[in-house]
Amino acid sequence: MGKVRTREIRQTRHYFDTERTEIAYPGVTSICGMIAKPFLAPWSAGMAADLAIDSFPFLQQMAERDRKGARQYIAGASRRYTDIRSNIGTRAHTQFELMARGLPLSDDGYHPDMAPYVAAYREFLAQVNPEFIRHEDIAWSDTHEYAGSFDVMMRVWVDEKTKKLTPDRSGTPQLLLVDYKTSKNAYPDVALQLSAYAHADCIIDTEGERHPMPEFDGGAVLWITPDKWEFKPVEIGPHVFAHFLHLREDFRWDREVSKTVLGKPVAGSAAKFVSGSERRAK
C-alpha cells in the first residue's frame, strides 16, 4: 500500500491510497458530522445578531456601499469564529506532538496565544507520565470504508484498587487511544470518533506501511483550554461503534444513495400552449 493522502470531494475530506487512487474513503470527523445538531442554527443566528448589534454604525455604512458584502459579513460570523478556534486547535496540536516526542517547541509555540496550552500540556506530562506509542497515524477501514487520523496512542499506568493514575508507573499498564480537544468543552461525540479509529482494520503510518490495530483498554480525551485542562476516560466499546456505523450509513445515504432514488418524470402537467403569434414574436 502507498502513502495515504487527503483530498476534498464535494466539500468533504476523503483519504486515499496513493497507489490505489480510485479508492477514497470519507474521514471519521465528516461521518461524525452527520449527528443532528439542532442548537447550531440558533447559535449561528445569535452570533450574527451580536455582530450586527455591536457593529451597527459600521455595518450601516458598509451596507450603503455594498449590501451583498454586508449581508455575507453578518452571515459569516459563526464561520469566522469556528475558523479561529480550528486554527488555535491545529497550532496547539503541533506543540503537543513536539513536546510528546521530546522535541523543542516550534517558534509558534512561544506565541502568547499558545502559552496556556503549552503550560497545561507540561502539567499533563508531569501528572500522568504517559508512554507515547504513535502520533497522527491513519486508522483505515476497508470493511466499512472510512479512514481518519488519530491524535495519539499512549500507555498509562493505573492502580487497580483506586483506579487512579500512577505516574511512577507502578500500577497496571493500559493502552489508550487519546484525542486532544481545545474547544469550549469536550463533547460526547469524541467517543464515536475514537471508537471508529479503534475498530478500524489497521493502522497506516507516514511511510504507507500497514500495522495491526491493537486491542485498546479504552479511550480518553485530553481537554485543554486557556483556563484549565482535564484528562477524561472515554468509552469506545462495540455499542459506541455500532452508533458510528449508523452514521456511516447516514453519510452514504446523503452523499450517494439519495442521488439515485428519484427517477425522471413519467407524467406531469401539460406544457403551456404557445400561439403562433407568440412563437413569431420570439
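Predicted model: local features only at pLDDT ≥ 70, side-chain atom pairs only at ≥ 80, totals over all residues.
User: How confident is the predictor, and which element has the highest mean pLDDT?
Analyst: The protein averages a pLDDT of 90, and 99% of the residues score at least 70. Among the elements, helix H9 (residues 276–281) has the lowest mean, 71. The highest mean, 98, belongs to strand E7 (residues 152–158).

User: Is E7 mostly covered or mostly uncovered, and how many of its residues are buried?
Analyst: Buried means under 20% relative accessible area. E7 has seven residues and is mostly covered. The buried count is six.

User: Which residue of E8 is the bridge partner of methionine 154?
Analyst: E7 pairs on two sides. With strand E4 (residues 131–135) the sense is antiparallel, over four bridges, and phenylalanine 132 stands opposite methionine 154. With strand E8 (residues 172–181) the sense is again antiparallel, over seven bridges. There, the partner of methionine 154 is leucine 176.

User: Which residue of E12 does glycine 219 stand opposite?
Analyst: Look at strand E11 (residues 218–224). E11 and E12 pair in the antiparallel sense over six bridges. Glycine 219 stands opposite valine 234.

User: How do H7 and H8 pack: roughly parallel or roughly perpendicular?
Analyst: Helix H8 covers residues 238–255, and its axis lies 8 Å from that of H7. The two helices pack at an angle of about 95 degrees. Angles of 65 to 115 degrees count as roughly perpendicular. H7 against H8 is therefore roughly perpendicular.

User: Which residues of H8 make the contact with H7?
Analyst: Both helices contribute side by side in this list. From H7 come Ala191, Leu192, Ser195 and Ala196. From H8 come Val240, Phe241, His243, Phe244 and Leu247.

User: Which residues does threonine 225 contact, leaving aside its neighbours within four places in sequence?
Analyst: Threonine 225 lies in the loop between E11 and E12. At a relative accessible area of 11%, threonine 225 is buried. Beyond those sequence neighbours, its contacts are Tyr117 and Ser183.

User: Are cysteine 32 and cysteine 202 buried or exposed?
Analyst: The cut-off for buried is under 20% relative accessible area. Cysteine 32 has 7%, and cysteine 202 has 5%. Cysteine 32 is therefore buried, and cysteine 202 is likewise buried.

User: How many disulfides does the model contain?
Analyst: A disulfide is a covalent bond between the sulfur atoms of two cysteines. The cut-off is 2.5 Å between the sulfurs. The sulfur of cysteine 32 has its closest cysteine sulfur in cysteine 202, 19 Å away, which is too far for a bond. The disulfide count is zero.

Note on methods: Residues numbered from 1 in each chain as written. Heavy atoms only, no water. Buried < 20%, exposed > 50% of the residue type's maximum accessible area, 1.4 Å probe, protein only. pLDDT = per-residue confidence, 0-100. Pairing = 2+ DSSP bridges. Axes fitted to C-alpha atoms, helices over the stretch in contact; angles between N-to-C directions. Parallel < 35°, antiparallel > 145°, perpendicular 65-115°, else oblique. Contact = heavy atoms within 4.5 Å.
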